[in-house]
Amino acid sequence: MMAQRLVRLICTSCREPFEPDAETLAELGLTQAEVRQHGGQLFHGRGCEACRHTGYRGRTGIYEMLLIDDPVRNLVMQRENANTIKTTAVQRGMRTLLQAGARKVLAGRTTAEEVLRVTQESE
């Protein structure tokens, strides 16, 4: 099973670095150490003519794929709740939408606010 969301990309014409606050990092599931490993800063768009002063231009996808292996299949067959199934899948290596989005934030492709906006209901 797969879930996907589109996130807006930071405009490359007006992209600039900024220091994220601890609360935003915590919501993304990131630490300051992880940010430092990826250059020590995150980015956002200031707004310009190219992006119509939004700070964003274009979109990309973030994805979550649930592989139905034997342990997950057993939980489904036992009619376990969705949280139990998701927890088991994450323990077995599944990357959530939020984690996939956090990787794009660390790569400087989108903003923390954008990832939190599109994953809020699914997390």
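**Notebook: charges, rings and a helix pair**

I counted salt bridges in this predicted model, and the count comes to 6. The rule I used takes a side-chain nitrogen of Lys or Arg within 4 Å of a carboxyl oxygen of Asp or Glu.

I looked up one of the salt bridges, that between the side chains of Glu114 and Arg8, and noted 2.9 Å from N to O. I then checked where the two partners lie in the chain. Glu114 belongs to helix 6 (residues 112-119) and Arg8 to strand 1 (residues 2-10).

I stayed with Arg8 and asked which ring its charged end sits over. The ring is that of Tyr56, and its centre is 3.9 Å away. I found another such arrangement at Arg15, whose charged end sits over the ring of Phe43, 3.8 Å from the centre.

I also searched for pairs of aromatic rings and recorded 0 for the structure.

Next I turned to helix 3 (residues 70-77) and helix 4 (residues 82-91). Their axes come within 10 Å and cross at roughly 175°. Angles over 145 degrees count as roughly antiparallel, which means that helix 3 is roughly antiparallel to helix 4.

Which residues meet between helix 3 and helix 4? On the helix 3 side I listed Val72, Leu75 and Val76. On the helix 4 side I listed Thr84, Ile85 and Thr88. I sorted the residues of this contact by type and got 4 nonpolar, 2 polar and no charged.

Conventions: Residues numbered from 1 in each chain as written. Predicted model: local features only at pLDDT ≥ 70, side-chain atom pairs only at ≥ 80, totals over all residues. Heavy atoms only, no water. Axes fitted to C-alpha atoms, helices over the stretch in contact; angles between N-to-C directions. Helix = DSSP H or I, 4+ residues; strand = E, 2+ residues; numbered from the N terminus. Parallel < 35°, antiparallel > 145°, perpendicular 65-115°, else oblique. Contact = heavy atoms within 4.5 Å. Nonpolar A, V, L, I, M, F, W, Y, C, P; charged D, E, K, R; others polar. Phe/Tyr/Trp six-rings, centres within 6.5 Å; stacked < 30°, edge-to-face > 60°. Lys NZ or Arg CZ within 6 Å of the ring centre and 35° of its normal.
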